[in-house]
Amino acid sequence: MIFSTLLALFVLFLFGSGQPVKAASYDDNTLVSYGIPDNVVQVMLNNSMYADGQSPTQKGQTPDQFTIKNVTQLTTISLANRMGASHSTANSTVADWVASGTANSLYDISANVYAQNTEDKVTGDSGSLATKALVFDGHTLTDQYHPAFNMLMQIVASANNATTVDLTGVTSEVTDTTLAQSLISLFQTPRLTSINKLLLGDNNLTDASLYIMGQTVMNVTDAQNLTSLDLSNNHITQLAWGRNFPITQKLTDLNMSGNSVKKITDTLDHFLQPIVNHYGTADLSTSDLDAGDWNTIDYIVSLLNISSGVIKLSDSSINAVATSNTHKLNNQAIQNAIPQLTDATIDDLLNDSSVKLSDTTKAKLQDQKAINQGGGTSTAENSVAVSGELDFGTNVLNSLDSSFTAKDSLTLNATILPGSQLTATMDDWKVQDGSSSFKGNIIFPANSAFSGNTNLNADTPAVLYTNNGSDPEKLSSTLTGLTLKIPEDQRSAVRAKSYQTSITWHVDAQQSANQQ
């Protein structure tokens, strides 16, 4: 019997064709030649990454030699301080530079400037990267009008091999939220063909009310596969109503932690619906939901009552939602929330005849109440929770006989009862449109959770841990150094495409050998 199954991750694996790309006339232009300060370029060099896991700084590159061509070779491009794959902070050099600028000098946010950031206006021999000129609203080619921040956003959006773009804190020191939204909207997400993750945390975006955001930074094409978005620490209490942000369509990971979200609008609902539909995770763990607001309670109860996906709410929010007089959580949603519920909430649920609870849920609620009062212990159950992402980088077709190591890590927490096993199954690696697929192997190295290397493939479940003892076992481990290998008989199926897979984790009770 499967006690807990978690669709843990979608993994992007991008294969480059290995074919030479026609050189652009501006490939050898340095970033500083566009008026971008040396110290700002140095931040990019320190925090960005190539496919081999090294930063430009580690490769000995310096601002006076770092070019547009170098930018196009990055797999992670960042203007923030990166603390590993999953945590970033604002870089004061970049933030102070942006905040100290003035309109028509460091930046231009006039109405018609955003149309100058599209692919056809930026690239090519007559594009702004080649001419170093924005030609619009009376500005001519001979003017050489190129505000440095506008050019920086055009250059970052030229990193077409980048799977991760990190703009955390770029406008963190800009106190006017309309200005902050206007500046971040100079970034054209649709230009990045390989993007999987976009980090926009700590940018003072508040309600994201600026309509142009839906055409620029919050926009994607149908061909893109952007699944992870970070909007943490943006002073968001509610998103503006009626905004169309295409970036939501394929999301499996949304980080809104650090925001005291009080109301859920149709715009935020459009962010959350794909999360639950794609078995993803949305972090609203610092929310302060107004359960008295009809739209808020209607949206969140409908979302929580869907069995797929995870929406993490604060303790206060989930207790307010669970005791709503107008909308009722279903049995499964209440089970999911039990560890966060207070005694008062538990009493309300047990005494509310309109809430349909199973006997198992009622017993768990009583157990939790005993734990809250310090007078009992939880009955151990099989459980598993896995969080994190894996990115195996950008690779060329003629290297398929290599082993590819993930840059990121997974966090595993599991409780395994005696006689139970922790197993994992992996789907085939597939292109989003289904045009190509292959079977790959992921190798879990020996660590504190697993005693030896474990091979996960698409044909059979991999047994990661077996509890042969008499007491429950608790596993808590960070899984690093995972590698991907492509069997020889599968390599001919691989194309120059973006691939993804999903891994499902189970804790199963073993069947006895003589069971009929």
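The following legends describe close-up views of a predicted model.

**Figure 1. Domain arrangement of the chain.** The domain assignment divides the chain into domain 1, residues 31–374, and domain 2, residues 383–509. A distance of 27 Å separates the C-alpha centres of domain 1 and domain 2. Where the domains touch, 13 residues of domain 1 are in contact with seven residues of domain 2.

**Figure 2. Crossing of helices H1 and H3.** Helix H1 comprises residues 38–47 and helix H3 comprises residues 92–99; their axes come within 9 Å and cross at roughly 140 degrees. This angle makes H1 oblique to H3, because only angles over 145 degrees count as roughly antiparallel. The crossing of H1 and H3 is left-handed. On the H1 side the contact is formed by Asn 39, Val 40 and Val 43, which meet Thr 93, Val 94 and Trp 97 of H3. Sorted by class, the residues of this contact between H1 and H3 are four nonpolar and two polar, with no charged residues.

**Figure 3. Crossing of helices H12 and H13.** The axes of helix H12 (residues 343–351) and helix H13 (residues 359–372) come within 10 Å, crossing at roughly 155 degrees. H12 is therefore roughly antiparallel to H13, since the angle falls in the class over 145 degrees. The handedness of the crossing of H12 and H13 is left-handed. H12 contributes Asp 343, Ile 346, Asp 347, Leu 349 and Leu 350 to the contact, while H13 contributes Lys 362, Leu 365, Gln 366, Gln 368, Lys 369 and Asn 372. By class, four nonpolar, three polar and four charged residues make up the contact of H12 with H13.

**Figure 4. Three-stranded sheet E11-E14-E21.** Three strands form an open sheet in the order E11-E14-E21, and their pairing is antiparallel. Strand E14, residues 410–416, is joined to E21 by seven bridges, and E14 and E21 run antiparallel. Within this pairing, Asn 413 has Ser 476 of E21 as its bridge partner.

**Figure 5. Four-stranded sheet E13-E22-E18-E19.** This open sheet holds four strands in the order E13-E22-E18-E19, with antiparallel pairing. Its edges are strand E13 (404–405) and strand E19 (454–456), each with a single partner strand, so that one side of each is left without a neighbour in the sheet. Three bridges link strand E18, residues 441–444, to E19, and E18 and E19 run antiparallel. Ile 442 stands opposite Leu 456 of E19.

Terms used:
Residues are numbered from 1 along each chain as its sequence is written. This is a predicted model: local features need pLDDT of at least 70, side-chain atom pairs count only at pLDDT 80 or more; totals for chains, interfaces and linings use all residues. Side-chain values use heavy atoms; hydrogens and water are left out. Axes are lines fitted to C-alpha atoms, for helices over the stretch in contact, and angles run from 0 to 180 degrees between N-to-C directions. Helices (H or I, at least four residues) and strands (E, at least two) are DSSP runs, numbered from the N terminus. Angles under 35 degrees count as roughly parallel, over 145 as roughly antiparallel, 65 to 115 as roughly perpendicular and the rest as oblique. A crossing is left-handed if the near helix is turned anticlockwise from the far one by less than a right angle, and right-handed if clockwise. Contact means heavy atoms within 4.5 Å. Ala, Val, Leu, Ile, Met, Phe, Trp, Tyr, Cys and Pro count as nonpolar, Asp, Glu, Lys and Arg as charged, and the others, Gly among them, as polar. Two strands pair if DSSP finds at least two bridges between them. Domain bounds come from an automatic or database domain assignment.
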